[in-house]
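Thank you all for coming.

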Amino acid sequence: MAADAITLIEQDHRALEALFDQVTAGEGDRVALIQQITDRLTAHARAEETEVYPAIVQARPGEDEEVEHAEHEHYEAETLLRKARNLTASPHFDEAFEAFVAAVGHHVEEEEQQILPALRDAVDTERLKQLGAAFEQARARLLGADADAAAGSGSDGDLEQATKTELYEMAKDAEIPGRSTMTKDELAEALRDNH
Ligand SMILES: [Fe+2]
Ligand SMILES: [Fe+2]
């Protein structure tokens, strides 16, 4: 029997938290774990944004601000994760990773206490299962795309998919000179050269 969207999303939250715990405990290869967290978190967030959040707004138009706020929190969490990722070899890593985990914890709590219950109230079981299938398909597709990008062009895949704001943030972290006047393509090129 197909699982519903809420069960699948909550399961994925627990899987992510287990990975966070491994990093915090200093278990395993930090760089590999951070890569795994990045891939899983990105696929999870994009699958929610494309398949689940629009369905919530459709069923409950009053939830639009809450959903917009949640999307902003995804962006914030991804920015904090990128910062931690740039510090994997630094003594400041623990602090940066802690800030990321706290941001995700706050978001997950809002999602599980407010957003997902609103969805459960608004739609029937059949619809929840349809959304579950759509979420899982989108997530699997995104995870596959990440694996392809990693196998093909290294971190260039990430750069091509990044928005200008994200590229600018990365350039700032990498202290690339002249970044504030660069176009999106120039930022990507400078980051590629910097690697
Ligand atoms: Fe989520
Ligand atoms: Fe979310």
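This is a predicted model: local features need pLDDT of at least 70, side-chain atom pairs count only at pLDDT 80 or more; totals for chains, interfaces and linings use all residues.

E48 bridges two metals here, the iron ion (ligand 2) and the iron ion (ligand 1), which lie 3.2 Å apart. Residues are numbered from 1 along each chain as its sequence is written, chains are lettered from A and ligands numbered from 1 in the order in which they are written, and side-chain values use heavy atoms, with hydrogens and water left out.

Which residues coordinate the iron ion (ligand 2)? They are E48 (OE), Y53 (OH), H74 (NE2), H107 (NE2) and E111 (OE), at 2.1 to 2.6 Å, where donors are N, O and S atoms within 2.8 Å of the metal (3.2 Å for Na, K and Ca), and sites may look incomplete since water is not among the atoms. Along the chain, these donors follow the spacing E-x4-Y-x20-H-x32-H-x3-E. H74 lies in helix α3 and E111 in helix α4 (residues 93-122), so the pair ties together parts that are 37 residues apart in sequence; helices are DSSP runs of H or I with at least four residues, numbered from the N terminus. Both H74 and E111 are buried, and for H74 the relative accessible area is 6%, buried meaning under 20%, exposed over 50% and partly exposed in between (1.4 Å probe, protein chains only).

Let me turn to the salt bridges, of which the structure holds 8; the term means a side-chain nitrogen of Lys or Arg within 4 Å of a carboxyl oxygen of Asp or Glu. One of them joins R40 to D12, with the closest N and O atoms 2.8 Å apart. Because R40 lies in helix α2 (residues 30-59) and D12 in helix α1 (residues 5-24), this pair ties together parts that are 28 residues apart in sequence. D12 is buried at 3% relative accessible area, whereas R40, at 22%, is partly exposed.

Another salt bridge brings together R139 and E136 (3.4 Å, N to O), and these two, being 3 residues apart in helix α5 (residues 125-153), are separated by about one helical turn. R139 is buried, with 11% relative accessible area, while E136 is partly exposed at 27%. Salt bridges that share partners join D12, R40, E136 and R139 into one network.
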